[in-house]
Number of protein chains: 2
Amino acid sequence: MTRRSEMLELAILGLLHDSPMHGYELRKQVHRVLGTVRAMSYGTLYPRLRLLVERGLIVEHDTPVSGRRARITYAVTSAGQQRFQSLLTGAGPNAWEDDAFDVHFAFFGRADRAVRLRILEGRRARLEERLAMYRANRPAEGDTRDGYAVELYRHGLESAERDVRWLTGLIETERSAGHRGVAQHEE
Amino acid sequence: MTRRSEMLELAILGLLHDSPMHGYELRKQVHRVLGTVRAMSYGTLYPRLRLLVERGLIVEHDTPVSGRRARITYAVTSAGQQRFQSLLTGAGPNAWEDDAFDVHFAFFGRADRAVRLRILEGRRARLEERLAMYRANRPAEGDTRDGYAVELYRHGLESAERDVRWLTGLIETERSAGHRGVAQHEE
DNA sequence: GTACGATATATCGGGTCGATATATCCGGGT
DNA sequence: ACCCGGATATATCGACCCGATATATCGTAC
């Protein structure tokens, strides 16, 4: 179980929880929720769906609409629900990485505050490490890098700093007002 | 030759042009230039270096420092220089993608203005497509997404918009003042 | 009524990552 | 002098992911 496949499993289980659907639709949802960030290819999705069926985390409802091509609708089982919760609640350093963080964050509504805070703080720490490395090789006098490489450096640094501020804001909101403020749209 | 391997080839040839070095150092430089973004693993780097040697794009200078472990220093050949230039100058849609764009941008100092503008504009168009998709599924009334998913959406949209503005600034600078302004640090 | 694009599932080859193995060098502690 | 840990350095392997491609059906526009 690699980092990536764990993240994909979380995304699949989380999305199927909202409503059962078939593979093609599922992939579009991953696109939507993760906002066009590297979504899963079909070559990854379909084999993984079969694997999750084998493990009993999801089940396939065949939907044989007369004459239509087979459309396999998937739904989470209770084992799948548990697996989802344990992936979300037990999130470790894997969840501090770019893609994995986004998936976890998208499902924050189903995690309690302690878990949310741990993931947010882990993510921030991860970005601060990155920031420290960035700053450690700030272009110095006599650097061979030309203006474009320096501009790329500046832009990357700025983005990372902004993300840290974003996380800090989220953490403060969680600490002070609980889930209000961030989760205004929550039902 | 996939997108990714083409990008890695450009990075390797471009970095070795600045100064010959061995694999371990090369990987650190990729980290530095690309700013911690997904750098190459050793399992990718070493086989690829051997491939580039086979193709005559780089050569290995064995540096047998008495008693020391073999350290293979690589340097670009003239064929490698040409390959680098053709990869940079002939950059197509592959170069509009995240990682590939960064690598190309880092080597803008060795591309002429027409090429720089084409890549910048291609990249901007790519981001605007992404933006359009984002906006197309803006969370509407009655959306099942909770506050966190909406916040993730908002943050992603904002980042993409900022990147478009960044590119627009760069394009304007290229168009008006040539390479000044952006490339102030150029030697 | 047919051409086209979207929907839908499936598979394969090439290639990448992450872990691991091996080995040397250097500095710090004792 | 000795050892230890961490950085330097090369190499390989298995797990697995992406992108392309094949196949087939549906809606709709002309």
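DNA strand C is surrounded by 26 residues, and the closest are H22(A), G23(A), G43(A), S5(B) and G43(B). The model is predicted. Chain A is divided into domain 1, covering 3-99, and domain 2, covering 112-177.

**Surface near DNA strand C**

- Helices of both chains contribute: α2 (23-34) and α3 (42-54) of chain A, and α1 (3-18) and α3 (42-54) of chain B, each supply at least two residues of this surface.
- α3(A) gives the most, with four residues.
- By class, the surface near DNA strand C has ten nonpolar, nine polar and seven charged residues.

**Domains of chain A**

- Six residues of domain 1 of chain A are in contact with five residues of domain 2 of chain A.
- On the domain 1 side of this contact, five residues are nonpolar, one is polar and none is charged.

**Helices α1 and α4 of chain B**

- α1(B), one of the helices that supply the surface near DNA strand C, also packs against α4(B), which spans residues 78-89.
- The axes of α1(B) and α4(B) come within 9 Å and cross at roughly 125°.
- An angle of 65 to 115 degrees would count as roughly perpendicular and one over 145 as roughly antiparallel; α1(B) and α4(B) are therefore oblique to each other.
- The crossing of α1(B) past α4(B) is left-handed.
- From α1(B), the contact is made by E6(B), E9(B), L10(B), L13(B), G14(B) and H17(B).
- From α4(B), the contact is made by G80(B), Q81(B), R83(B), F84(B), L87(B) and L88(B).
- The residues of this contact comprise five nonpolar, four polar and three charged.

**Helices α1 and α3 of chain A**

- α3(A), which gives the most residues to the surface near DNA strand C, packs with α1(A), residues 3-18, at an angle of about 75°.
- The axes of α1(A) and α3(A) are 11 Å apart.
- Angles of 65 to 115 degrees count as roughly perpendicular, so α1(A) is roughly perpendicular to α3(A).
- L8(A), E9(A) and I12(A) of α1(A) meet T44(A), R48(A) and L52(A) of α3(A).
- Three residues of the contact between α1(A) and α3(A) are nonpolar, one is polar and two are charged.

Definitions and conventions. Residues numbered from 1 in each chain as written. Chains lettered and ligands numbered in written order. Predicted model: local features only at pLDDT ≥ 70, side-chain atom pairs only at ≥ 80, totals over all residues. Domains from an automatic or database assignment. Contact = placed C-beta atoms within 7 Å. Nonpolar A, V, L, I, M, F, W, Y, C, P; charged D, E, K, R; others polar. Near = placed C-beta within 6 Å. Axes fitted to C-alpha atoms, helices over the stretch in contact; angles between N-to-C directions. Parallel < 35°, antiparallel > 145°, perpendicular 65-115°, else oblique. Left-handed = near helix turned anticlockwise from the far one by under 90°.
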